[in-house]
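User: Please take me through the labels used for this model. For each one I want the value and the rule behind it.

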Amino acid sequence: MQISITINGETVTRDVEPRRLLVHFIREDAGLRGTHWGCDTSNCGACTVWLDGKPVKSCTVLAAQADGHEVKTVEGLETADGLDPIQQGFIECHGLQCGFCTPGMMMTGRALIDENPNPSDQEIREAISGQICRCTGYNNIVKAIRWAAEAEASSEVNA
Amino acid sequence: MQTPAPTDYVRATSVANAIALLEEHGEEARLLAGGHSLLPMMKLRVARPEMLIDINDLDELRGIKVEGDELVIGAMVTHNEVLESPVLAEHYAIFREAEKVIADPLVRNRGTVGGSMCQADPSEDLSAVGSALKASVVIQGSSGSRTVPLREFHDGPYTTVVEPNEILTQVRVPIRPGAGSAYEKVERRVGDWAVCAAGSFVVVSGGVVTDCGIGLTAVSAEHFCAPEAEAFLIGKAPTDENLREAANLAAAATDPSSDQRGPADYKRHLAGELTFRALKRSAAASQGA
């Protein structure tokens, strides 16, 4: 079947099998390898992308279900002005070691700050509770997301 | 790599269209709601439908509203929408308490109320919530719709009274002024299925319990409920002693199995303890504490 998905503002049209998973469409058909393909069982959250503005596990959505819808991946975070604060936060706070979980963590962190500009550590931990990191022990991921929230809050005050 | 077996896919344009598609394709067709049970089962080849009928476009299945003295939850309402619903929180704290411990926030963005009910997993939390609240579901087929109490909905693990050519459209919950409610769950880690969970509502009036409901999951309580424990409480003061006795009756109504989540006697102990805690908080909330 032919489907069209708008990924990071660009429409990608491909002929796919109905059983094609969104994560494979993003990586193989659209060629965007920033989204990682992890456990395949909707446990690890490495494949997290936004579907119509909400973070979802793309290993558990059919590409066909996203036909006509909007997807945002980690490649869509950076703008002409530079890195998104959530990306900068992971750099500043050493929010990754191996980096496998990072794209998913950043997509969830970005969604959280959009909804709740001043999240508590507990709220951050709840937001990322569907994602697994085997390196950091999560502390630096929580710090990175908080760094991004604080950076945005202070830049809005200064603006 | 886990990937589903080949299948066809079509988007339903209305509930009537979904039913027509189900009739056309027969038992090899499956409705696709949030997909967070069906797609993993398809990857494991536990489910192998030849036709997926996607019902995500059906706005008539969305929305949470009050109709008369009932709360009406559309089948395609997501877990997150239940979690964040002010109208559900206003009437029953149990919804928010249960949803906070169902899967994780990402899964809750996709998983639906109707999908959870129809999946009928014996460890499903919303089934226990619905059973505790004595909710009913509306099931629609080509010849019309019928309303079925949730306590008559399950034929057994993973099986319900919904026929292959029918669709669950709504969950309806009676509004009970003055009711307090609560949900208590023990899980091995965040996002896991319950080792055991208990939910309840209690209405206390004139110092005695005038109405109550108890729901249990993951411990093989028939229809996820404990009617004998409920009957015991009616007309009695919500003292610790009475609540404890009701909780013991609830535990006796379970038939848990030993598995990787724990031995049967531990789960039965949890059923009693969690029922007691849920009842105690429900009764306190009903009395405005």
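User: Which residues of H8(B) are buried?

Analyst: In this predicted model, B:Asp125, B:Leu126, B:Ser127, B:Ala128, B:Val129, B:Gly130, B:Ser131 and B:Ala132 are the buried residues of H8(B). Buried means under 20% relative accessible area, exposed means over 50%, and partly exposed is in between, with a 1.4 Å probe and protein chains only. Helices are DSSP runs of H or I with at least four residues, strands are runs of E with at least two, and both are numbered from the N terminus.

User: What makes H8(B) largely enclosed?

Analyst: Eight of its eight residues are buried, so H8(B) is largely enclosed by the rest of the structure. At the start of the helix, a side-chain oxygen of B:Glu124 comes within 2.6 Å of the backbone nitrogen of B:Leu126. That is a polar contact because the rule asks for a pair of N or O atoms within 3.5 Å, one able to donate a hydrogen and the other to accept it within protein, with residues adjacent in sequence counted only if both atoms are side-chain atoms.

User: What are the conventions and confidence limits?

Analyst: Residues are numbered from 1 along each chain as its sequence is written, and chains are lettered from A and ligands numbered from 1 in the order in which they are written. The model is predicted, so local features need pLDDT of at least 70 and side-chain atom pairs count only at pLDDT 80 or more, while totals for chains, interfaces and linings use all residues; side-chain values use heavy atoms, with hydrogens and water left out.

User: Why is B:Asp125 called buried?

Analyst: B:Asp125 has a relative accessible area of 3%, so it is buried. B:Lys185 is also classed as buried, at 16% relative accessibility.

User: How do you know that B:Lys185 and B:Asp125 form a salt bridge?

Analyst: Their closest N and O atoms are 2.9 Å apart. A salt bridge is a side-chain nitrogen of Lys or Arg within 4 Å of a carboxyl oxygen of Asp or Glu, so the pair qualifies. The two residues link distant parts of the chain, with B:Lys185 in strand E11 (residues 179-187) and B:Asp125 in helix H8 of chain B, 60 residues apart. Over all chains the count by this rule is 31 salt bridges.

User: Why does B:Arg108 have no salt bridge?

Analyst: The nearest side chain of opposite charge, B:Glu99, is 5.2 Å away. Lys and Arg count as positive and Asp and Glu as negative, with His and the chain ends not counted. A polar atom of its side chain lies 3.4 Å from the backbone oxygen of B:Lys100.

User: What makes the pair B:Arg151 and B:Glu230 a salt bridge?

Analyst: Their side chains meet at 2.6 Å, N to O. B:Arg151 is in the loop between strand E7 (144-149) and E8, and B:Glu230 is in helix H9 of chain B, 79 residues apart. Both are buried. Salt bridges that share partners join B:Lys134, B:Arg151, B:Arg176, B:Asp211 and B:Glu230 into one network. B:Lys134, which follows H8(B), has a positive phi near 50°.

User: How many cavities of 30 Å³ or more does the structure hold?

Analyst: It holds two. On a 1 Å grid over the protein atoms alone, a cavity is a set of points where a 1.4 Å probe fits but cannot get out, a pocket is an open set with protein on both sides within 12 Å along at least five of seven lines, and lining residues have an atom within 4 Å of a point. Grid points are joined across faces, edges and corners, and a volume is the space filled by probe spheres set on the points. The largest cavity has about 70 Å³ of space, and H8(B) gives the largest share of its lining, three residues.

User: What classes of residue line the largest cavity?

Analyst: The lining has eleven nonpolar, one polar and no charged residues. Ala, Val, Leu, Ile, Met, Phe, Trp, Tyr, Cys and Pro count as nonpolar, Asp, Glu, Lys and Arg as charged, and the others, Gly among them, as polar.
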